[in-house]
Amino acid sequence: MAQRATPPGLTTTKSPFIEQAQHDGQLYIHQPYELYTSENHMAWRLLFARMGEYWQRYANPHFLKGVESLCLDPNRVPRLDDVNRFLCPLTGFRAKPVSGYVPAFLFFDCLRNREFPTTITIRDANSLNYLPEPDIFHDIAGHVPMHTDAAFAEALVRFGDCAHTAAELVANISDEHEQACRLTSMITAMARFFWFTIEFGLMESCDGLKVYGSGLLSSHGEITHAIESPEVQRYPIQLEWVINQSFEIHHYQPLLFTVQSFDHLFDLVGELEKWMRAGKLNNVAPGEPQISEADLLSFLKH
Ligand SMILES: [Fe+2]
């Protein structure tokens, strides 16, 4: 007798629901919860269970409080509506389901509106370790607990303000080449700053260095490496360094930056915006990340 194939459910890169949404050009979608398979829930359960001890050891206290406030179920993929019911009253933020990559301006504009574009698929239960794409574990267990913190939430909103400033600054440049160059440079600076803070940031505390970056909070291998490995360079954050520092996504990060607090982070995003207005982000060092045509257009045609 032929074996019945496991339904693909909402597994990363294998979900017909997501393929259809992308084919139809739908970026903002709903979360068809009934499509999650038992394997999808198992992937969540395994990921959540193995992160627990690392969070206790390495995560900053705001994150730990956030995990509790959201009442995340350790056994099942969360319903975004349930997450939002706990999240919204705290900071006004909500997780907003998306079908895939959100072009840069739209992403930052969502943050400005206190919406967090959230992937609803989850990695394959058979290959939990490495995933180049974000999934719901990264987005909900790695990012969203931080959104329960008022100061952190304000810093995210300020990223959105920055994106609007960038769009304004290039809107009236008539030379298209010049416009694209400046915009590419400003988006590169923002993306680098976002990467080294929101995704991979460390925070100083009286209890030693703690993690607040979501890329680290959703990776049990890298969270330990980030704090313990003598091979990682860790420095107090400097804006002029971060905006000119390229990064690669496919291996553990060799260079990380520390902030003192989320108020410090908020001030730095403000500084980034001031630098943008002063023209100091018009010509940052070339290199990763690459800014796509879709990213540029999202700023020019919003
Ligand atoms: Fe992320």
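Is arginine 114 buried, exposed or partly exposed? Arginine 114 is partly exposed, because its relative accessible area is 22%, where buried means under 20%, exposed over 50% and partly exposed in between, with a 1.4 Å probe and protein chains only. The residue belongs to the loop between α5 (104–112) and β2 (115–119); helices (H or I, at least four residues) and strands (E, at least two) are DSSP runs numbered from the N terminus. The phi angle of arginine 114 is near 60°, a positive value in a residue other than glycine.

The model is predicted, so local features need pLDDT of at least 70 and side-chain atom pairs count only at pLDDT 80 or more, while totals for chains, interfaces and linings use all residues. Residues are numbered from 1 along each chain as its sequence is written, and side-chain values use heavy atoms, with hydrogens and water left out.

The protein chain contains 13 helices and six strands. Its radius of gyration is 19 Å, which agrees with the value near 19 Å that a compact globule of 302 residues would have; the radius is taken over C-alpha atoms, and the globule rule is 2.2 Å times the number of residues to the power 0.38. The C-alpha trace spans about 65 × 50 × 40 Å along the principal axes of the chain. Of the 302 residues, 53% count as buried. Among contacts with a separation of 6 or more, 71% are made by residues 24 or more positions apart, a contact being heavy atoms within 4.5 Å.

An iron ion is coordinated by His138 (NE2), His143 (NE2), Glu199 (OE) and Glu199 (OE), at 2.0 to 2.6 Å. Donors are N, O and S atoms within 2.8 Å of the metal (3.2 Å for Na, K and Ca), and sites may look incomplete because water is not among the atoms. Along the chain, the donors of the iron ion follow the spacing H-x4-H-x55-E. The arrangement is irregular because the four donor atoms subtend angles of 54 to 144° around the iron ion. Four donors count as tetrahedral if all angles lie between 85 and 135 degrees; four count as square planar and six as octahedral if opposite donors are over 155 degrees apart and all others between 65 and 115; anything else is irregular. Histidine 138 and histidine 143 are both buried.

A search of the whole structure gives 22 aromatic pairs. Rings of Phe, Tyr and Trp (its six-membered ring) pair if their centres lie within 6.5 Å; planes under 30 degrees apart count as stacked, over 60 as edge-to-face and the rest as tilted. One of the pairs, phenylalanine 159 with phenylalanine 194, is edge-to-face, at 5.2 Å centre to centre and 75° between the planes. This pair links distant parts of the chain, with phenylalanine 159 in helix α7 (residues 150–171) and phenylalanine 194 in helix α8 (residues 176–199), 35 residues apart. Both phenylalanine 159 and phenylalanine 194 are buried. Tryptophan 241 and phenylalanine 257 also form an edge-to-face pair, because their ring centres are 5.0 Å apart and their planes lie at 80°. Here the link is between helix α11 (residues 239–242), which holds tryptophan 241, and strand β6 (residues 255–259), which holds phenylalanine 257, 16 residues apart. Tryptophan 241 counts as partly exposed at 26% relative accessibility, whereas phenylalanine 257 is buried at 0%. Trp241 and Phe257 belong to one aromatic cluster with Trp195, Phe196, Phe200, Tyr235 and Phe247.

Charged side chains also sit over rings, which requires NZ of Lys or CZ of Arg within 6 Å of the ring centre and within 35 degrees of the ring normal. The charged end of arginine 79 sits over the ring of tyrosine 33, 4.0 Å from its centre. The charged end of lysine 96 sits over the ring of tyrosine 28, 4.3 Å from its centre.

In the segment before α1 (16–23) lies leucine 10, which counts as buried at 0% relative accessibility. Not counting residues up to four places away in sequence, leucine 10 touches residues including Phe17, Leu35, Tyr36 and Ile120. Threonine 13 is found in the segment before α1 and is exposed, with a relative accessible area of 57%. Its phi is near 65°, a positive value in a residue other than glycine.

Most residues other than glycine have a negative phi, and most peptide bonds are trans. A cis peptide bond, with omega about 0°, joins glutamate 288 and proline 289. Proline 289 lies in the loop between α12 (262–277) and α13 (293–300).
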